[in-house]
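Look over the structure before reading on.

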Amino acid sequence: MKSHKVKIILVLSTVLLLFFSALNVYTSYVRMKNTVEESVANQSLEAAKSIASSIDVETYQKFLDNPEKNEYFREIEIYLSDAREKLGSLYVYTLKVDNPEVSKQMILGHSGELESLENYRIGDACTVPKEQVKKAYEGKTYVTKVLKDPSYGDYLSVGAPIKNDEGKILGYLGIDTSIDTINQIKGDALERNTAILVFNGVLIFIVIGSFVFMQRWYQREVTKEVGHTEDTYQTEIKTLITSISSLRHDFSNHILVLHGLLKIGQSDKALQYATSLFEEVKTIESLKIDIDHPGLSILLQTKRIAAQNHRINMDIAISQVSFESIKTTDLIIILSNLIDNAMDAAIALPEGERKIKIDCTANDTHYLFKITNTGPKICEKEQIFKQGYSTKNEEEGKIRGQGLFIVKEVVNKYNGIISIESTAELETTAIVKIPLK
């Protein structure tokens, strides 16, 4: 069930990542198009201001005094047509704005190919929207969005006031830019920015690929760690169950002995036997370990019970620290494998010589774990950390040579050091140093 939920979350995360990545590319494209329109509008407005400031206001005023297609009209018309050609605009023209709702066309600069030029009339209403006309009526410049016109096609329009020497507004200079021109500029900009869009797309796929790779890597690492942890805890549970079974068996035997002594009337011997059992119970009670770290406390108590069952003298010295810089699962993997190896080695000796000492300490720079045991000398210390290498006898159905290899992998993960020292006096010490980050 958890695995299914994780897969759903991963799929949803991937879909959302793709969606937002595509949305990012789309918004970048739209933003670029809007930027082109704004840039064209701003450039056209600056051109309109320049043309309006350069127009012959005396000639234009004479035309306004008699608004007909006269010599003054022709002179301004030529000036506007020349400006239109240089700008590459659709139209360059002048407007009369005497109310806040509708503007009137006055003089049009054109290419001479306008089919309706003969029908062009001075003073006809212009197609500048009411919102922009109001701005012009207030003496401001104006910029429209792209306008839809069935007669002249789609275009963008700007306007700037024409002022005389006294600063009086005589009219407005308008410039219309065809949507074809704008689209051409957009195409050029898109072509120039194709590399950026492609880079963004590639970057998105790299991010998605990295996400998938990290997700799979994380799953593999979790599976591996869970496998190590499961193996470790299963071993500890089996040891604990074996110890409990042994205690139960011994308890049954003790009850049978007491029952037999009492049945034959040997109450004094029964009391003596019960007293010895009480001393043994006190010994078991002494096995409890007072450690701040719960996982470590449970592990060492289990190992101490197992050591007692094998008649191994186990001495434990633990500093009162939390060992919080190392994960509990990794701490258990390190110590359980080292203690198991120490117990296997100690069992090879006679009962009176079986000894194990466990030291877990810490200072300002590192943790130090030291496991010392009596047992056969280890000769090939260079080989002992290799996967599959073991000093123990092979057993059918049991894989050897994994414990120290796994321990070294965990220690390396924390940039730690592990070493094995074995002497001729039948004593071996495993030392692990984990630096504090």
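A residue counts as buried under 20% relative accessible area, as exposed over 50%, and as partly exposed in between. Asp98 has a relative accessible area of 36%, so Asp98 is partly exposed. The model is predicted.

**Salt bridges**

Side chains of opposite charge can pair when their charged atoms come close. The whole structure holds 10 salt bridges. The table gives some of them, including that of Asp98.

| Pair | Closest N and O atoms | Relative accessible area |
|---|---|---|
| Arg74 and Glu77 | 3.5 Å | Arg74 41%, Glu77 13% |
| Lys104 and Asp98 | 3.4 Å | Lys104 29%, Asp98 36% |
| Glu138 and Lys140 | 3.4 Å | Glu138 46%, Lys140 46% |

Arg74 and Glu77 share helix α3, residues 71-87. They sit 3 residues apart, about one turn of the helix. Arg74 is partly exposed, whereas Glu77 is buried.

**A charge without a partner**

Asp359 belongs to strand β7, residues 355-362. Asp359 is buried but has no salt bridge. Its nearest side chain of opposite charge is Lys357, 4.2 Å away. A salt bridge needs the nitrogen and oxygen within 4 Å. Beyond four places in sequence, Asp359 contacts Ala317, Leu368, Phe369 and Lys370.

**Two packed helices**

Helix α7 (residues 294-309) packs against helix α8 (residues 328-347) at an angle of about 15°. Their axes lie 10 Å apart. The angle makes α7 roughly parallel to α8. Their crossing is right-handed. Residues of α7 that meet α8 include Leu296, Leu299 and Lys303. On the α8 side, Leu331, Ile332 and Asp340 are among them.

Key
Residues are numbered from 1 along each chain as its sequence is written. This is a predicted model: local features need pLDDT of at least 70, side-chain atom pairs count only at pLDDT 80 or more; totals for chains, interfaces and linings use all residues. Side-chain values use heavy atoms; hydrogens and water are left out. Helices (H or I, at least four residues) and strands (E, at least two) are DSSP runs, numbered from the N terminus. Buried means under 20% relative accessible area, exposed over 50%, partly exposed in between (1.4 Å probe, protein chains only). Lys and Arg count as positive and Asp and Glu as negative; His and the chain ends are not counted. Contact means heavy atoms within 4.5 Å. Axes are lines fitted to C-alpha atoms, for helices over the stretch in contact, and angles run from 0 to 180 degrees between N-to-C directions. Angles under 35 degrees count as roughly parallel, over 145 as roughly antiparallel, 65 to 115 as roughly perpendicular and the rest as oblique. A crossing is left-handed if the near helix is turned anticlockwise from the far one by less than a right angle, and right-handed if clockwise.
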